[in-house]
Amino acid sequence: MTTFRTFTELVLARTSALGPKDAFIFLPDDAKGSAPQHLTYSQLDQEARRIGSWLQERGASGRQVLLLYPSGLEFIKAFVGCLYAGAVAVPAPLPTEQGQHFARVSGILRDAEARAVLTDGGNAPEISAWLAAEGMSDVDCLATDSADYGDAGAWSEPSLTPDNLAFLQYTSGSTSEPKGVMVSHHNLLANEAAIQRSVGSNSQTRYGGWLPFYHDMGLIGHILQPLFLGGSASLMSPVSFLKRPHRWLQMIGDYKVTIGGGPNFAYDLCLRRVTDEQLAGLDLSSWQAACNGAEPVRAETIRAFTERFEPAGFRPETFFPCYGMAETTLLVSGTPRGTRPVVLGVDSEALEAGQLADPRADEPSRTLVSSGVFHDFDVRIVDPETFQERPEGSVGEIWAKGDSVASGYWKRPLTNKEIFDAAISDGKGGHDEGGWLRTGDLGVLEDGQLYVTGRLKELVIVAGRNLYPTDIERAVQSTDKALGTGSGAVFAVETDREHLVVVQEVRTSSVSTDLRTLATGVQALIGRELNIPAGNVLLVRPGTIRKTTSGKIQRTLMRQLFLKGQITPLYEVLEPGVRSLVADATDRPLETVI
């Protein structure tokens, strides 16, 4: 652990010692070849003092401040300005014309009880109008890229303790009610130290990423970790990456990035979209840790990416599968540096029964990728119903304890008691001292490795079998090239029994037969491979499947939309009992299963 008591103290020390050094380089997203934007440690310090003085003048010290920015250096200045003011930063997605984003940010604004909103000049008028429409006339709004505010000389260093909140990290789940994870300075320093130990980073490390700055991996991994180290980072926007994935890989070579990553889908996107010509111009030899987390890590992705980009200098040991969440600040476990990802083949039937077993000849199997080992946490696998600890090789809910675990969600005392202060039962009526975080993730420990097998609430239980949606989604997507990888959602609905529902995006331009044949092929495969009925298949347009900012499939939300009749399929086939559940069904291309 660092000797600094707060992250604010650490940043003040870094900016003082490293003045002219580049802290961040941002690559603008345009086709005009705009020059990269540089932010030195001394420039960051001056801008943060200006912002901090403005916040202090308006009584925002100790209060929440909402940050609404496009990806760029202004966000970083504003976040550090909140640290300098002793305010609690609340990073959030910039509202757009999409109503769901306005609704989400309005919920965050009210839940966080924000005292001020920081944004840029391009968005300030719209943000001010939005605040007025929300009746928030007492919430100040500042465009931090203007010149006529704040006085760096009037700033005063705040009096903070390790227990003071550094920021609220609102989770990107599928519920309409946002929950802000309370990350203290102590939590943040502890997790940054854990990340450093896990990936072997130092002041010479250069991070490189494209993840949203309001997302925990983008913020804590790609922005705050470089500040923690006194290192530097090269950054670009998510839009820039999604439009031209090769720019991320090109940035890694151009700026000699050593650490950077994203969810599994990012590597799949590179596999699909990077051309041979683009590959020939890449140099990935500096890349030491390609973090892969925030969603299930696929063995086939690791294998295919390694083979595809090996000619550009990518090494098998570069992949860094990891596990973490906002509730633990960020990282819990990771693959030791310099070692290849650990892959484990297991028997599918045994896994459904909650146990690890070697694959059997001619029987269905599943390949698990280890999320590595943990050093800064105590991790247990616990039965989610009895709260008894499960032995090695047995599947259960992942529970964690450590200095990085947040104290709870903002203004959620009852939920916090349940989620952040769980106790392990001894099976005889007694419990341990508690203080365990219930992650909601299912996993298993084997030979010191942590394998994440699924989400507790997303399990599909059919005929007493525990089925993992990711397994079914992969099986579906393997039936035809027109079905997008990572673009499906599987969930269950209940009548007198459980029914499996498959919602899958389809690229109609790639369909070689017709949609009915495609849907029939999906049903046949699930029946054949998983031995379960699949009477409900919806083929939908690309972009229909809802995902979080980190790329996780929002299955719970997709289930809700399905039951409300708010999914418009290109083609669907539904069982009568399931159709009766769906609200406000319309005349759509469909077939009813008799």
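Helices (H or I, at least four residues) and strands (E, at least two) are DSSP runs, numbered from the N terminus, and by that definition the protein chain described here holds 18 helices and 27 strands. This is a predicted model, in which local features need pLDDT of at least 70 and side-chain atom pairs count only at pLDDT 80 or more, while totals for chains, interfaces and linings use all residues. Residues are numbered from 1 along each chain as its sequence is written, and side-chain values use heavy atoms, with hydrogens and water left out.

**The chain as a whole**

- Taken along the principal axes, the box filled by the C-alpha atoms of the protein chain is roughly 75 × 55 × 55 Å.
- Of the 594 residues in the protein chain, 57% are buried, where buried means under 20% relative accessible area, exposed means over 50%, and partly exposed lies in between (1.4 Å probe, protein chains only).
- Among contacts (heavy atoms within 4.5 Å) with a separation of 6 or more, 69% are between residues 24 or more positions apart.

**Helix H9 and strand E11**

- Helix H9 (246-254) is mostly covered, with 7 of its 9 residues buried, and these are His246, Arg247, Trp248, Leu249, Met251, Ile252 and Gly253.
- Lys256 is found in the loop between helix H9 and strand E11 (259-262), and although Lys256 is not a glycine, its phi is positive, at about 55 degrees.
- With a relative accessibility of 47%, Lys256 counts as partly exposed.
- In strand E11, Ile259 and Gly261 point one way and Gly260 and Gly262 the other way, and all are buried.
- Strand E11 pairs with strand E12 (residues 289-292) in the parallel sense over 4 bridges, pairing being assigned if DSSP finds at least two bridges between two strands; within this pair, Gly260 stands opposite Ala290 in E12.

**The hairpin of E19 and E20**

- Strand E19 (residues 437-446) and strand E20 run antiparallel and are joined by 6 bridges, with Leu442 standing opposite Gly454 in E20.
- The hairpin has 2 residues between the strands, and there Asp447 takes a positive phi near 55 degrees.
- Strand E20 (residues 449-455) has 5 of its 7 residues buried, so it is largely enclosed by the rest of the structure.

- Glu113 lies in the loop between helix H4 (99-112) and strand E5 (114-119), and its phi is near 55 degrees, a positive value in a residue other than glycine.
- The relative accessibility of Glu113 is 41%, and Glu113 therefore counts as partly exposed.

**Lys77 in helix H3**

- Where does Lys77 lie? Lys77 lies in helix H3 (residues 73-85), and at 13% relative accessibility Lys77 counts as buried.
- When its neighbours within four places in sequence are left aside, Lys77 is in contact with Leu39, Leu44, Glu47, Ala48 and Ile51.
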